[in-house]
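Come along while I look things up one entry at a time.

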Amino acid sequence: MSYRYFSSRPPFQKNNKSNNKNFRKKGGGGGPLVNEHLIRNLLRKSRTDAQSTKIRLVIDRGADVKPDVELMSLTQAIATTGELGVDLVGINLQQEYPIIKAVDYNKLLYDESKKKSVKGTSGKVNTAQVRKEFQFKAGIDDSDLNRKVQNMISYLQKGHPCQVAITSNRRNLRQDSNAVVTTLDRVCELVGENGTQQGLMKKNTFGSRGSLLFQPNSKKST
């Protein structure tokens, strides 16, 4: 059985020990069931097809946005993650309707490692190193864009790296196949010399989602 290419094909984390039943044990370690591994597990348990297998999907909308939670078929969940360019990650598979998260798996791993690394030996959080995340939708109007970018600039000036994620729906992509890039260009223009882009934008294969990291400009940050 084959599925679309997800945004990540992560190996299981051998050093991530957990007693959670949703983690696959392998070689003494374990990691969450993700993408194809998760799909096969769900189909094996339901003993039916993807359309008849019901799950509860938690859709990650960013650090400052409440996630959407929807009951849907596994087929719909696969399609949803395809449009968003993210991964399917098993959260709690023991419920009547298994709880699955639609999220960038690599970002999820980063967030987990960040929570552990931002605390120094004194146990205090080093806020200057905390990465801030900002979500933009392609086609956002100028006033909303300016407001969000000004907020982002305030964090850059305080020394925070800022992760920018841009998503586009099908309607915007029909009007502009490079809608995500177009929106990024608008963000970059407003950021100006307050931040420095790290590398190139990472886009999913559908062109509906992209992300880019901005580092503080040392000459501008205070």
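**Entry 1: a term, then the overview.** Before I start, I note that helices here are DSSP runs of at least four residues, numbered from the N terminus. I also remind myself that this is a predicted model. I looked up the secondary structure of the chain and found six helices and ten strands. The chain has 222 residues, and 44% of them are buried. Among contacts with a separation of 6 or more, I read that 59% join residues 24 or more positions apart. The accessible surface comes to about 13,000 Å², with 47% of it belonging to carbon and sulfur atoms.

**Entry 2: helix H6.** I went to H6, which runs over residues 179-191 and has 13 residues. From its first C-alpha to its last it reaches 19 Å, close to the 18 Å expected at 1.5 Å a residue. Which residues of H6 are buried? I listed Ala179, Val180, Thr183, Leu184, Val187, Cys188 and Val191. The cover over these buried residues includes the strands E7, E8, E9 and E10 and the helices H4 and H5.

**Entry 3: alanine 138.** Next I looked for alanine 138 and found it in the loop between strand E7 (132-137) and helix H4 (142-157). Is alanine 138 buried or exposed? It is buried, because its relative accessible area is 7%, and buried means under 20%. Leaving aside neighbours within four places in sequence, I found alanine 138 in contact with Ile166, Thr167, Ser168, Asn172, Ala179 and Thr183. Two of these names, Ala179 and Thr183, were already on my list of buried residues in H6. I also checked valine 181, which lies 43 residues from alanine 138 along the chain; their C-alpha atoms are separated by 8.7 Å.

**Entry 4: the sheet with E7.** I traced an open sheet of four strands in the order E7-E8-E10-E9, with mixed pairing. E7 and E9 stand at the edges with a single partner strand each, so one side of each has no neighbour in the sheet. The twist averages 20° from one strand to the next. H4 packs on this sheet, touching E7, E8, E9 and E10, and its direction makes about 165° with that of E7. I then looked at E9 and E10, which pair in the antiparallel sense over six bridges. Glycine 195 has proline 216 in E10 as its bridge partner.

**Entry 5: asparagine 217.** I moved on to asparagine 217, in the segment after E10. Asparagine 217 counts as buried because its relative accessible area is 18%. Not counting residues up to four places away in sequence, it touches Glu193, Asn194, Gly195 and Thr196.

**Entry 6: the sheet with E4.** Where do E4 and E5 stand in the order E4-E3-E6-E5? This is an open sheet of four strands with mixed pairing. Strand E4 (68-73) and strand E5 (87-92) are at the edges, each with a single partner strand, so one side of each is left without a neighbour in the sheet. Here I read an average twist of 35° from one strand to the next. E5 and E6 pair in the antiparallel sense over five bridges, and glycine 90 has isoleucine 100 in E6 as its bridge partner. Helix H1 (residues 35-46) packs on the sheet, touching E3, E5 and E6, at about 50° to the direction of E5. Helix H2 (residues 74-84) also packs on the sheet, touching E3, E4, E5 and E6, and its direction makes about 130° with that of E4.

Notes. Residues numbered from 1 in each chain as written. Predicted model: local features only at pLDDT ≥ 70, side-chain atom pairs only at ≥ 80, totals over all residues. Heavy atoms only, no water. Helix = DSSP H or I, 4+ residues; strand = E, 2+ residues; numbered from the N terminus. Buried < 20%, exposed > 50% of the residue type's maximum accessible area, 1.4 Å probe, protein only. Contact = heavy atoms within 4.5 Å. Areas by Shrake-Rupley, 256 points an atom, 1.4 Å probe, with all protein chains shown as cover. Expected span 1.5 Å × (residues − 1). Pairing = 2+ DSSP bridges. Axes fitted to C-alpha atoms, helices over the stretch in contact; angles between N-to-C directions.
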